Amino acid sequence: MSPLANQIKKLKQELGIDLFLRLNNEVRPALYGARVVEPAGRLLNDAQKIRDTATEFRDPEAVPLTVGRTPT
């Protein structure tokens with residue numbers, strides 16, 4: 001079983017609900033799975049921002065420096 005399949009299985013067990021419908025040769029999000037896609041995406045983006053912030057504080061030179069000036 002792939003690492004992704006293992007994580008999905010663990011999440012299914014934790015939530016107690018199916019995230020996907022498995023039909024013949026097709027896999028689709030179940031109603032609940034479709035409803036959590038957007039909030040899950042926001043969580044993943046926020047987690048990436050946390051990692052990026054940690055990198056910035058750990059190594060300030062790893063983050064691009066932006067310099068601006070006024071038009072006058």
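Let's start in helix 2, where Glu 38 and Arg 42 sit 4 residues apart, about one turn of the helix. Helices here are DSSP runs of H or I with at least four residues, strands are runs of E with at least two, and both are numbered from the N terminus. Keep in mind that this is a predicted model, so local features need pLDDT of at least 70 and side-chain atom pairs count only at pLDDT 80 or more, while totals for chains, interfaces and linings use all residues. Residues are numbered from 1 along each chain as its sequence is written, and side-chain values use heavy atoms, with hydrogens and water left out.

The term asks for a side-chain nitrogen of Lys or Arg within 4 Å of a carboxyl oxygen of Asp or Glu. Glu 38 counts as exposed at 57% relative accessibility, whereas Arg 42, at 45%, is partly exposed. The cut-offs are under 20% relative accessible area for buried, over 50% for exposed, and partly exposed in between (1.4 Å probe, protein chains only).

The salt-bridge count comes to 3. One of them joins Asp 18 to Lys 12, at 2.9 Å from N to O. Asp 18 is partly exposed at 39%, and Lys 12 is partly exposed at 40%. Another links Glu 26 with Arg 28, where the closest N and O atoms are 3.4 Å apart. Glu 26 has a relative accessible area of 39%, and for Arg 28 the value is 39%.

Now for strand 2, which spans residues 26–29 and holds Val 27. This valine is exposed, with 55% relative accessible area. Setting aside neighbours within four places in sequence, Val 27 is in contact (heavy atoms within 4.5 Å) with Phe 20, Leu 21 and Arg 22. Asn 6 is 21 residues from Val 27 in sequence, and their C-alpha atoms are 16 Å apart.

Last stop, the surface. Leu 11, Leu 15, Ile 17 and Tyr 32 make a nonpolar patch of about 300 Å². Patches take residues with over 30% relative accessible area and no salt bridge, joining like charges within 9 Å and nonpolar side chains (Val, Leu, Ile, Met, Phe, Trp, Tyr) within 5 Å. Accessible areas come from the Shrake-Rupley method with a 1.4 Å probe, and for residues only the protein chains shown count as cover. Tyr 32 brings us back to helix 2, residues 31–58, and is partly exposed at 31%.
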